[in-house]
Amino acid sequence: MEVREMKRIGKKLMYMALSLFVIFQVYLFIRFYWIVSCFIPTYSMAPTLLGGDYIIVSMQIPGRRIMNSDSGRRLVHRLKGQREVQRNDVVVFNFPYAEDKEKMILSTKLFFCKRCVALPGDTHQWFARESLEKVYLPKVGDVLPIDSCNYNHYRHCIEYETGQSLKLEMGLVYLADTLLTEYHFKHDYYFMQGDNANYSYDSRNW
């Protein structure tokens with residue numbers, strides 16, 4: 001009788017362990033391929049999102065990211081998603097200056113949540129310090145002239161894509177030691193802005 005009881009208990013424990021393993025695998029699949037939860041710490045997206053809110057983010061819309069390393073740099077390949085990011089989408093993304101205020105680095109240390117207000121290929125305008133600012137957002141394949149006028153707009157993007165330093169000397173732009181008059185962009189760029197615009201640190205500052 002004791003042997004049968006031990007066998008019955010053993011089977012129950014085995015089924016419980018198997019069930020927990022399956023549940024854990026399902027959780028990992030959902031976590032890495034479908035959705036992730038995020039905490040909103042500030043009021044930069046008010047009234048849409050408030051500080052203290054928890055949100056569920058879909059990774060299926062833009063497609064899950066695959067990260068690789070090349071010469072110490074993190075490179076991203078994104079699997080095909082349901083659709084592209086669209087204007088007015090609320091997006092959670094890696095803050096590009098989490099590790100270095102003067103250099104774009106793909107870092108998982110800090111995430112921001114903002115609204116996409118302009119897409120690759122758009123020219124976006126906004127008011128800053130009582131003046132009108134505007135910038136063209138490059139899209140994949142764009143070849144743009146690079147000069148002293150737009151040097152500050154594209155310096156960090158070009159350095160991120162090439163892994164080389166960009167500098168301005170005597171009105172001329174150099175990539176490493178090579179004179180640069182135009183550049184072929186390899187990525188799409190978006191303009192992100194908080195709904196609570198007066199209290200949001202976003203693409204207007206970057």
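Trainee: What relative accessible area makes Phe112 count as buried?
Mentor: Buried means under 20% relative accessible area, with exposed over 50% and partly exposed in between (1.4 Å probe, protein chains only). Phe112 falls on the buried side because its value is 17%. This is a predicted model, where local features need pLDDT of at least 70, side-chain atom pairs need 80 or more, and totals for chains, interfaces and linings use all residues. Residues count from 1 along each chain as its sequence is written, side-chain values use heavy atoms, without hydrogens and water, and the value you asked for is 17%.

Trainee: How are the rings of Phe95 and Phe112 arranged?
Mentor: Rings of Phe, Tyr and Trp (its six-membered ring) pair if their centres lie within 6.5 Å; planes under 30 degrees apart are stacked, over 60 edge-to-face, the rest tilted. Here the centres are 4.4 Å apart and the planes sit at 15 degrees, so the pair is stacked.

Trainee: Which two elements of structure does Phe95 lie between?
Mentor: Helices (H or I, at least four residues) and strands (E, at least two) are DSSP runs, numbered from the N terminus. Phe112 is in strand S6, 17 residues away from Phe95. Phe95 itself is in the loop between strand S5 (90-94) and strand S6 (111-118).

Trainee: Which residue in S8 is the bridge partner of Phe127?
Mentor: Strands pair if DSSP finds at least two bridges between them. S7 (residues 123-128) and S8 (residues 131-136) pair antiparallel over six bridges. In that pairing, Phe127 is partnered by Leu132.
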